[in-house]
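Have the viewer open as you read.

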Amino acid sequence: MSETDPPVEIEGRTAINEDWAATIVGLVLVVLVLTGVIPVGLVP
Amino acid sequence: MSTEERKDVPVGTPAEPGPGPVWALLGVLVVLLLAAATRYLDQNVPALLKGTALENVGAAIEYPVYAIVIGLIGNAVLTAAGVRERLSGGFRTEFFIKTGLVLLGASINLRVIVTAAGPAIIQAVVLITTVFLFTWWLGGRLGLEDKLRALLSAAVSICGVSAAIAAAGAVQAKREQLAYSASLVIAFALPSIFILPWLAGVFGLSDEVAGAWIGGNIDTTAAVTAAGAIVGDDALAVASIVKVTQNALIGIVTIALTAYFAFRVERRADAARPGLGEFWRRFPKFVLGFVAASVIATWWLTTVSAADGKATIGEINDLRIWFLILAFVSIGLEFRVASLREAGWRPVGVFAAATVVNVVVALGLALLLFSGFSVA
């Protein structure tokens with residue numbers, strides 16, 4: 001493999017981090033709605 | 001539609017060195033504004049067109065259609081203005097779609113996930129194996145380079161861009177091979193969002209079978225969700241369970257590819273055997289979030305009245321639709337045709353043939369495994 005054609009580890013790591021971020025943001029939103037912090041009718 | 005030359009960087013990945021966080025934030029703002037326009041059209045067009053000749057058309061168009069079309073228009077405008085590349089750090093399709101799927105988990109009863117998991121796993125294993133081996137074989141017949149073969153096979157058989165990214169890491173592929181595979185995935189997924197729901201109607205498939213078919217053969221998770229949402233909520237539920245199951249199998253395929261390339265193709269004597277650690281590293285963690293959201297919501301619904309439960313889950317569904325709209329707008333904004341022209345007709349031919357095999361085998365499996373299945 002040449003210097004100008006690096007393998008794609010960076011993108012792999014980015015995707016993995018987005019995975020955790022999406023999991024945490026999604027679950028936090030679920031909990032906020034279920035506990036009433038985000039009240040019914042707030043989301044347009 | 002973009003025709004910019006950027007063949008050495010994967011789709012959906014900001015340019016390196018990046019244009020900076022301010023541009024990425026502006027990109028997110030653009031996505032949010034276009035999503036707000038999508039939500040407005042989705043909620044108001046049916047009422048605005050009521051009583052006109054276009055009434056039926058207005059009522060039939062679902063939000064993924066508005067979102068993708070608005071994203072493509074935004075793509076053309078931003079490209080013409082010369083700022084699309086700099087804003088692209090904010091077009092986070094993967095993050096938006098995965099958050100949307102975790103939220104979707106809250107509206108699917110755990111019982112549905114558990115009962116659908118069996119057929120979904122059988123479908124995923126048969127489909128991934130058949131389509132992967134067919135694509136690998138055809139790519140070999142047409143003389144494609146091994147790494148590109150591996151990328152295309154993973155992309156078409158598992159779940160599009162994220163599988164291509166995982167496979168690229170496993171086989172140490174070049175950046176332009178990943179960019180090319182990702183472009184092919186997007187180019188084939190975009191029309192299938194509209195064609196498959198239409199064909200499902202022509203074939204008279206039930207919502208559950210249509211969902212299993214869509215989830216089994218459309219490559220990108222975002223496009224599966226868009227097509228499922230066009231068919232309906234039950235189809236979306238089954239399509240997402242089938243797709244999430246495929247996502248969960250990425251780890252196994254990347255381990256197999258890592259081992260195959262290390263020991264058979266490159267014959268590296270020093271290569272370490274990939275193990276459980278590698279499987280966990282490649283495992284898409286949002287799958288856990290999807291199941292966890294279903295577990296939490298299923299339990300929570302047993303503690304409140306049916307009316308309260310319905311209103312609260314409805315609020316989570318609204319949030320989910322917002323995140324899916326953000327993802328679909330990003331699909332439109334990210335779409336590019338330039339890198340497709342670079343590599344000639346053979347990879348396109350391999351991908352097209354594999355897609356046809358995928359569509360046919362997935363339809364057979366969906367009919368076989370999901371005909372008696374009901375979300376209700």
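Predicted model: local features only at pLDDT ≥ 70, side-chain atom pairs only at ≥ 80, totals over all residues.

Residues are numbered from 1 along each chain as its sequence is written, while chains are lettered from A and ligands numbered from 1 in the order in which they are written.

pLDDT is the predictor's confidence in each residue, from 0 to 100. Chain B averages 85, with 90% of the residues at 70 or above. Watch residues 1-15 of chain B, though: pLDDT stays under 50 there. For the model as a whole, ipTM is 0.78 and pTM 0.79.

Now the build of chain B. Helices (H or I, at least four residues) and strands (E, at least two) are DSSP runs, numbered from the N terminus; chain B has 17 of the former and 0 of the latter. Here are some numbers for the chain:

| Property of chain B | Value |
|---|---|
| C-alpha trace span along principal axes | about 65 × 50 × 40 Å |
| Radius of gyration | 20 Å |
| Buried share of the 376 residues | 52% |

The radius of gyration is taken over C-alpha atoms, and the globule rule is 2.2 Å times the number of residues to the power 0.38. A compact globule of 376 residues would come out near 21 Å, so the value for chain B agrees. "Buried" means 20 or more other C-beta atoms within 10 Å of a residue's own, with C-beta atoms placed from the backbone.

Next, the core. A nonpolar core is a set of buried Ala, Val, Leu, Ile, Met, Phe, Trp, Tyr and Cys residues joined through C-beta atoms within 7 Å. The largest one has 130 residues, and L151(B), A164(B), A167(B) and W213(B) touch the most other members. Helix α16 (residues 306-334) of chain B gives the largest share, 14 residues.

Helix α8 (residues 160-171) of chain B has 12 residues, and 12 of 12 are buried, including A164(B) and A167(B).

Finally, the neighbour. Contact means C-beta atoms, placed from the backbone, within 7 Å; on that basis 27 residues of chain A meet 38 of chain B.

Definitions and conventions. Contact = placed C-beta atoms within 7 Å. Expected span 1.5 Å × (residues − 1).
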